[in-house]
Amino acid sequence: TRTQVAIIGGGPSGLLLSQLLDLNGIDSIVIERKSREYVLGRIRAGVLEAGSVKLLQDAGVGERMAREGQTHDGVELSWHDERLHIDLKALTGTPVTVYGQTEITHDLYDAREARGGQVIHEAEVQRIEGAETDSPVVVYQKDGQEHRIECRFVAGCDGFHGPARKAIPDTHRKEFIREYPFGWLGMLSRTPPATEELIYATHDRGFALCSMRSDEISRYYVQVPLTEKVEDWSPDRFWDELKRRIPADVAANLVTDGEVLEMSIAPLRSFVSEPMRYGSLFLAGDAAHIVPPTGAKGLNLAIGDVYYLHRALEQAIKNNNTAGIDGYSDTALSRVWKCERFSWWMTSILHDFPDQGDFEKRMQRAEFEYLARSETARKSLAENYVGLPY
Ligand code: FAD
Ligand code: DHB
C-alpha cells in the first residue's frame, strides 16, 4: 500500500491531522493499535483552549461541540475554605470550552468515515524503516500478518508509549523528565456538577479538582500517593475524600447519589523529547511530550502540534517548500516548553508534596495570596490557561 502520509495512532492528534490533510487534498492512512470502542472508552481531557476550538471548527468537526460544549468564562482556585475566582474572560478576553476528549475523538472518527478516510484499527505498528530517507515504510501487524505502508512522510501520533519516538536513534535525541511523587484518581459520575465553574482545590490532605462534562455529568479528581490502587477506592471513599478537600459550602451541596461511570488513576509527569523531527518522521502530541494534567494542557498541546504540522506538510507536499517541515521541531518545541512551564508551576503550587517542608508550604500560601491580591498575577495565570497563541 502507498499513501502520502502514514499516521501512527488514532487518538485525537492522529485523527485531526488526517482530517486537516484530507481537507487540503493530501491522502493519509491512520494505523491504530486498539479498536474504535477502546479508544472511545478512554476518559481523559476536558478543557479546550479557544485555539483548539478554532482548529477543530476549521477541520469541520465543530458542530456538536458548538451545541453541547460549555463556555466557561472563569475558573476557581481554593485554599481550604477560601475561594479565589479567576475571571479568564475579563483578564484575557477569551473563555475556555468544556468538551470531553472522548467527544472530540468521536466527532473525528465520524468525520473521517464521512469523507471515506482510511483508519485501520487493531493494527499495531512494529517499526518504521528508512525514517531518515525520502521513502520511509511503516510496518504493522494485523490479524497475525505483517503489512507495509510506503509513504513520503510519517507522523508519530502514537502517544507516550508508542514506537515512533523510539525510532529516532538515541544519538539524535534528548529526553527531559520530571516525575511527581503522586497521581490523580479520577471519577466520572452521572451527577450534576458541584459548581458552575471548575475548582482547583489545595488542601493539606492533597489537591482535588471539580470538573464536569455536562449539566448531568461530573468529573472529579483527588491527588493520591502512587502506591494507591483504584480497586481500594469505593465510590463512598472517593466522595468522602473529595468533600474533605473542597470548600465546605461546595461539599455541603455536592450530589453523590448517581451512577459511577469510570474511575482510574494516572501518574503525573513532565516529559519532553527533542527534537520532534527525524528525517521524514514527525512527532506530535503525547508521543513527544507529557505534562502533568493540572494546567489542562495535554490535549491542547497535541492540537497545537497538529496545527504546525499540517501546515508544514501541506507546504512541503503541495508547494515543494521545506521551510515548514525544517522549522517544525523548533516552532513546536518553543510553545511546548512554555506549556511545560505552566503545567509544572500549577502542579507545584497546588499539590501536597510528601517531602515538603514548612518553607515550601509557606511559598504555596504566598502564591495563593499573591494571586488573590494581584491582577497582574491572575492575568499571567489566565493568559496561560486560555492558551498561548500559535
Ligand atoms: P493518545 O491519545 O495517547 O493517542 C495515541 C494513540 O496511538 C492511541 O490510541 C494508541 O492506542 C495508539 N498507538 C500506540 N502505539 C501504537 C502502535 N504501536 N501502533 C498503532 N497505534 C498505536 N490531558 C488533560 O488535559 N486533562 C486530563 O485530565 C488528562 N487526563 C489524562 C489521563 C490519562 C490516563 C492519560 C494517559 C492522559 C491524560 N491527559 C489529560 C492527556 C491527554 O489525554 C493527551 O495529551 C492526549 O490524549 C494526547 O493525544 P494523542 O493523540 O497525542 O495521544
Ligand atoms: C479536566 C482535567 C484537567 O486536567 C484539568 O486541568 C481540568 C479539567 C477534566 O478532565 O475535566
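The legends below describe close-up views of a predicted model, from the whole chain to its two ligands. Local features need pLDDT of at least 70, side-chain atom pairs count only at pLDDT 80 or more, and totals for chains, interfaces and linings use all residues. Residues are numbered from 1 along each chain as its sequence is written, while chains are lettered from A and ligands numbered from 1 in the order in which they are written.

**View 1. The chain as a whole.** The chain has 12 helices and 20 strands (DSSP runs numbered from the N terminus, helices being H or I of at least four residues and strands E of at least two). Its radius of gyration, taken over C-alpha atoms, is 21 Å, which agrees with the value near 21 Å for a compact globule of 390 residues (the rule being 2.2 Å times the number of residues to the power 0.38).

**View 2. The two domains and their contact.** The domain assignment, which is automatic or from a database, gives domain 1 (5-70 + 98-177 + 268-348) and domain 2 (180-267 + 352-385). Their centres, taken over C-alpha atoms, are separated by 29 Å, and 12 residues of domain 1 are in contact with 15 residues of domain 2 (contact means C-beta atoms, placed from the backbone, within 7 Å). On the side of domain 1 that touches domain 2, strand S17 (260-274) and helix H10 (323-350) each supply at least two residues.

**View 3. The shell around ligand 1.** Of the 31 residues around ligand 1, Gly9, Gly11, Gly159, Gly285 and Gly298 come nearest (a residue is near if its C-beta atom, placed from the backbone, lies within 6 Å). Helix H1 (12-23), strand S9 (124-129) and helix H9 (298-319) each supply at least two residues of this shell.

**View 4. The shell around ligand 2.** Ala45, Gly46, Val47, Leu198, Ser211, Arg219, Pro293, Thr294 and Ala296 surround ligand 2. Because domain 1 and domain 2 both give residues to this shell, ligand 2 lies between them.

**View 5. An open sheet of three strands.** In the order S3-S7-S4, 3 strands form an open sheet with antiparallel pairing (two strands pair if DSSP finds at least two bridges between them). Strand S3 (47-48) and strand S4 (70-72) are the edge strands, each pairing on one side only. S3 and strand S7 (residues 96-98) pair in the antiparallel sense over 2 bridges, and Leu48 stands opposite Thr97 in S7.

Notes: Two residues are in contact if their C-beta atoms, placed from the backbone, lie within 7 Å.
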